[in-house]
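This briefing is for a reader who is new to the structure shown below. Please keep the view open while going through the points that follow.

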Amino acid sequence: MADHFWISHFLWLVPVVPLLAAGMLSVSGNSRRNRAVILTLGAQILSFILASLLFITVIRAQGGTEEVVRLAVNFTWFEFGDTALRLGLLLDPLNAAMLVMVTFIGLLICIFSVGYMSRDPNFTRFFAFLSLFSAAMLGLLVSNSLLLLFICWELVGLASYLLIGFWYQKPSAAAAAQKAFITTRIGDLGFFLGMIWLYRETGTLLFYDGGAGLLEQAALHGLATGTTIGGLALSTATALLLFCGAMGKSGQFPLHVWLPDAMEGPTPVSALIHAATMVAAGVFLVARAFPLFAATAGPDTVATALIAVTWVGAFTALFAACIAVAQTDIKRILAYSTVSQLGFMMIALGVGGVAAAIFHLIAHAFFKALLFLGAGSVIHGCHDEQDIRKMGGLRRFMPATFATYAIGMMALAGFPFFFSGFWSKEEILHLAQGWPASPIPFYLALAGTFLTAFYMTRQMVYVFFGNYRADQASSEKASESRPHESPPIMTVPLTVLAAGAVLLGLVATPAWPWFHHFIEGGAATLEFGKLFTAGTLGLMLLSIVLVAAGVGAAWFLYARTSLGTAERDPLERKRPGLYRALAQRLYVDEFYDATVIRFHHAAGRAADALDRFVWHGLVMAVSGFSVLLSRASQAVDRRFFNRGFDTGCETLRTSGGRVSRWHTGNIQTYLAYIGAGLVLLIVFFAWIQQA
Amino acid sequence: MLTLEFFLIISAALFSLGFAAVLTRRNVIMILIGIELMLSSANLNFIAFWRFGPDPDALTGVLFVLFSIAVAAAEAAVGLALIILIYRHFKSTNTFNFSLLNG
Amino acid sequence: MSTTAAFIAYSVLTLVTLGAALAAVSLRNIVHCGLSLALAFVGVAGFYILLGAEFVGFIQLLVYVGAVAVLIMFVILLTRPDGDPQPFTFDRLRRALPGLGIALAVFLVITISIRTSESLRAGAPDDAGVSIEALGHKLVTSHLLPLQITGVLLTAALIGAVLFAMKEDNN
Amino acid sequence: MTHFPLLSLLIVIPLAGAVVTALTPSTRAGLGRQVALGFSFVSLALALVLWIRFDSATGTMQLVERFSWIPALNADYHLGLDGLSLLLVLLTGIITPFALAAPAPAARNRNIYFALVLALQGMVFGAFLSLNFIQWFLFWELSLIPAFLLIRLWGGPVRSAAAYQFFVYTLAGSIAMLVGFLAIFLATGLFDFIALAELGRNGELTAALGDRFSFNMAPETLGLLVAGGIFLGLAVKVPVFPFHTWLPEAYTQAPTGVSMILTGLLSKMGVYGFLRILLPIFPEQVQAMQTPLLLLAVATIVFSALAALAQTDLKRILAYSSINHLGYCLLGIFAVATVIDPGAGNNSGREAALSGVFLQVFNHGLTAAALFCFVGLIEARSGGLRGLDDFGGLRKVAPVLCGLMGISLFSSLGLPGLNGFVGEFLIFKGTFALTGWAAVLALPGLLITAVFLLRILNRVFSGPLNANWTGLPDLSFRERMTVAPAVALMFFIGIYPAPLLELFNQTVIVTIQLLP
């Protein structure tokens, strides 16, 4: 086995190479543009080559056996007390496939960015951040330790924060970055808690460690049998906590709010991070920790944790698809579409289809990156316009973009047979249909499928068909403001991605489920007959009908009416209340503003007031106690004195006036009184003695 | 034969001299000098009573004077600082010039 | 020490101390007053030594003569008293008279009370030397708390004095 | 004792440096700072020598210096070095030159300022090395004087009130502690930390207190009272909620370098006290009061984070953030006191928590000092303005300043890969294993910390450039050299914390073995 794996000694290089590039870029000046490009692309290419080699190695090692190849390299990070804290790297089919996908798409997006960002003053910094992101994402994939995964997870979040807020002069971008970081951190707290809980229960954070790892039989058995609060199995409780992290990162309801706002970042960033790779990290986490999620599953019972995953996924899939219907920002539509598709992946995981989820993840990465880059190309061509109501007819101006965008759209919508999206969605629906716990997620997913086809067609119609509307709206100098096709450095990556979005479908059809067996073990055989088994065929027909219905309905609604900024959306004309609610994103943000955020600020002010008034006041009260006492005695004196006057004793008043003349203000005079008093006192005592 | 009263009378004389200075002199520094004399007389009393007291081994008077000297040092430091402050404020050390306590 | 020697010492010390004290409170040149005060302190220290409290005597020399009197001299020189010493006038004497009278009265009542108290005529016990070791031991055992408090007091006084005398750069 | 008294030398060098700096002629600008920096580098070098001489394979006191000092009080001159002391000595060695190089007040008498900083360093060294209460208390109290003077003389507009509050508050706490120790001394005749820890472990201390005093109280109550007094003294210093109100004022008013030392070193003296005194000498009492103590720690974490959220002054935000981070230390310390079934034999949780506390002490010192330094740099450029809303878009004109400060802020909020994370991870890991509920309750603190730290990034660095600051200069070479070592250390510890952990690992093990 070892000779197969010579390459695994270089596993650590995959994340480290881009990290070095990031480090070198971050200390070099902003003017070294060429060097930035060379370093970033070089690192990406190197990582891609390494990842491909690793992938091939795994395929060869797998060799059609039932066994899943898994190679872990563990090392000690540091020791505390008698305990060594160990981290590790892992190579298995799951992350081998992901590595290739991430490095490949990352490479294409870097190439695209060279064109897209060419005029940005902070060009170098952009590529430094992009490299940092790649490094963190790849580290996340190769880690064999929950802790290392968490570390990379947070670094991915950091890179995302930096890139969303890349145009920091825009307050909206800075706010979006902050929102993304905070929202995902809420989920990460759950992740963190789950991690230390697992550590407490099992004493290790390694996934695989020759039988002693977290995801191996001994530990899982202990976790599944132990129970905690509310009778939950330990494995369920910890899995749900980990899932919180996944929900934050993968934009699952109710932590999805940051993802649409994250579109404030440059478009390549949206494509790479917020569509293709980073948001998939949550799905990857669940897939990686799947044995933990499924630990309580018996032969005919469904694991509690997975039920939660399924429901969250199904709800998100439909919920986000609904909102996407009523958005007008080209990137926001895609963002909600991403949230919805991530929901599909969660459904797949929840119903037990790790391979299906990962396949959908990879396929989605291709076509969503394609769509985003296409959108970037559109925005670039339309002079930074993002409102689809101000576009239209672009297929005449940007043919290459249109063609590739259409492929991406069809893949996403699930057009039959030739697109990867069709097959991946098909597999998910198939699995959901057979889920024993409840049929409802299946129906929710079907509704999501319909809506996906609907909103994507709506977007296509708005953007590429009809007439170019910015002309009529704005100015006469039409020829200058004409949209233009993007340069080849941007269209070539689009073409490559489009090819990927189509071809990828070949490896996961029911006829030849190679990918499935690659991930889960076993050999794939080519059997066209499997396409025509009753269940498969029926479901295929059903989804084709749904997609056709979605496309048809959208075409019927949008293609035949006039669109534009001035006019109301055709759907709004029909259902104004519903449309407005959807356009306002079902008021989730408003709800959070009114509850969570307001509560936080109130609590902050309360704590501040507690400090300023209660505690500080207490201190002041204690320290000023004597002052208070003296004040009190002064008040008593004064009142007594006043009352003396009030009785109206004239004699007293005059004598008082006389006495007050003794108050010369000269201390020496007072001392003289004291001296005289002393003499009198002694004389008085002597007199008493005598008497 | 020296007896206790010898010392007490010296002490009383010192005290009265200091007191007279405090009462009659117009310069704050002189007042402070008077106060120092009065303090010394008190210390002398302590030592004298201890020496002629019933239990000289108890060292009470000596200890008291030690602390008293420490306190006096502190008092002198603060008092002199005050004088400097007063001088800076009123540009004078004459008590006539700053009778703010005038009723 | 023989009785006679003690008596002679007593007389000399009395002369020096009271003379210096009188000078300290009555001279018109304030610089001379300060110097006389130092001499008076030396005299008091002599009394301490005469009374067998050598340690206290030396402390008195150190603290009063070495520090307090010097400090006073400093302040005298720092504050530059208003012009030359004022000439002696009867008007000033007249204004000082009540004060002097009261001080004299105080002296008289105290002296009379002393003279009339039989119990104060007692002689001293013979050997009442102070062992410094015993003194030190007492200071850090039974008198530890006062010692600590004195330390705190001195610190506070130090800071206070610095603060008072320091020039404010604002207001 | 045959070896050279390195530890005494370590205390003497800064004090000598203080004298020399004070006497340096102020005619040549910058000479005083250079002299002071020179001395602080010498002590840093000596601290590093100590690290080299230190044998990290044993957890006992090393390089011990012990002479009879005040026999009547059984008080020896007793210095010693273990992992904890060494860690803090290193921290002190690093922070002091950092603070000296930070923007200093532009007033006259700057040489006195630098001299006082060095004097403070000497006191802090003394406190971290002393093993006898009297001696330790001496350094502990003496450190107040330079700190007080530094705030009072070179502080901000309301420095006077801040300095007095700081001084009186800490002094009041110290008096409670002094009374506690006097009671211990009267009962046992001991002032030595190690001997007392021995008694505390066997439970003889409580018994001795019960024999000496009665006051109609059970010995346990007496023990709690004495421990309570000592707790008060330490709690004010750290500070523990609700004894923290002096801190925001003092940190805000102090000049930059002094804020750095206050947060980087003086607060650590409190934590050190908890680790060296309260935990070893009063294990029973801490265990008895564990739940309320943990609640206090959680309150420290959560309330200070919330209060930071409501501040608009950068220094106040950082001051509250400092309280918040020290709260994690307290959480770890109190969790370590959990009674563990001796049969279980698994001390992993305790070791994790204690190691985390040690790391956090070091990391927080470094990061918080760096953050105060950055605010000082901003202040020096803005002419004293440091409100959250006074700036905006500074990244455009000062990218290096913002980048490095951004790294420090992320280090402070515990981003993995930077130093803050390792300590917090270990503290939470240990605390969760020992007292899960406290860890869970403290968890929101991590979130709120992120919120208010990101708010700084957002309001100060991002957004459109405020028109007032278009000419704001970026960091000069000298300033970069000031902050670069700290930032580099943040990365180093974040990525490879093993050397630090190795340094105090045996001390952690021994400390835990000695706990009942």
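**Domains and overview**

The domain assignment divides chain C into domain 1 (1-82), domain 2 (90-121) and domain 3 (132-171). Between domain 1 of chain C and domain 2 of chain C, the C-alpha centres are 21 Å apart. The model is predicted.

**Contacts between chains**

- There are 5 pairs of chains that touch, and chains B and C have the most contacts among them.
- In that pairing, 70 residues of chain C are in contact with 60 residues of chain B.
- On the side of chain C that touches chain B, the elements giving two or more residues are helix 1 (3-26), helix 2 (30-50), helix 3 (54-79), helix 4 (90-116), helix 5 (132-140) and helix 6 (144-165) of chain C.
- By class, this side of chain C has 54 nonpolar, 12 polar and 4 charged residues.
- Chain C also meets chain D, where 4 residues of chain C are in contact with 4 residues of chain D.
- The side of chain C that touches chain D consists of 2 nonpolar and 2 polar residues, with no charged ones.
- Chain B and chain D do not touch, and 17 Å separates their nearest C-alpha atoms.

**Chain A as a whole**

- Chain A contains 30 helices and 2 strands.
- Of the 691 residues in chain A, 53% are buried.
- Counting contacts in chain A between residues at least 6 apart in sequence, 77% join residues at least 24 apart.

**Helix 15 and helix 22 of chain A**

- Two packed helices are described by the angle between their axes and the distance between the axes.
- Helix 15 (residues 354-381) of chain A packs with helix 22 (residues 488-503) of chain A at an angle of about 155°, and their axes are 9 Å apart.
- An angle over 145 degrees counts as roughly antiparallel, so helix 15 of chain A and helix 22 of chain A are roughly antiparallel to each other.
- The crossing of helix 15 of chain A and helix 22 of chain A is left-handed.
- From helix 15 of chain A, the residues that meet helix 22 of chain A are A:Phe366, A:Phe367, A:Ala369, A:Leu370, A:Leu373, A:Gly374 and A:Ser377.
- The contact of helix 15 of chain A with helix 22 of chain A has 11 nonpolar and 3 polar residues, and no charged residues.

**A:Leu140**

- A:Leu140 is part of helix 4 (residues 123-142) of chain A.
- A:Leu140 counts as buried because 28 other C-beta atoms lie within 10 Å, and the cut-off for buried is 20 or more.
- Leaving aside neighbours within four places in sequence, A:Leu140 is in contact with A:Leu149, A:Cys152, A:Trp153, A:Val156 and A:Ala281.
- A:Ala281 is 141 residues from A:Leu140 in sequence, while their C-alpha atoms are 8.0 Å apart in space.

**D:Leu199**

- D:Leu199 is found in helix 8 (residues 193-202) of chain D.
- D:Leu199 counts as partly exposed because it has 18 C-beta neighbours inside 10 Å.
- Not counting residues up to four places away in sequence, D:Leu199 touches D:Thr188, D:Glu204, D:Leu205 and D:Ala208.
- D:Leu199 and D:Val336 are separated by 137 residues in sequence and by 19 Å in space, C-alpha to C-alpha.

Conventions. Residues numbered from 1 in each chain as written. Chains lettered and ligands numbered in written order. Predicted model: local features only at pLDDT ≥ 70, side-chain atom pairs only at ≥ 80, totals over all residues. Contact = placed C-beta atoms within 7 Å. Helix = DSSP H or I, 4+ residues; strand = E, 2+ residues; numbered from the N terminus. Nonpolar A, V, L, I, M, F, W, Y, C, P; charged D, E, K, R; others polar. Domains from an automatic or database assignment. Buried ≥ 20, exposed ≤ 12 C-beta atoms within 10 Å, placed from the backbone. Axes fitted to C-alpha atoms, helices over the stretch in contact; angles between N-to-C directions. Parallel < 35°, antiparallel > 145°, perpendicular 65-115°, else oblique. Left-handed = near helix turned anticlockwise from the far one by under 90°.
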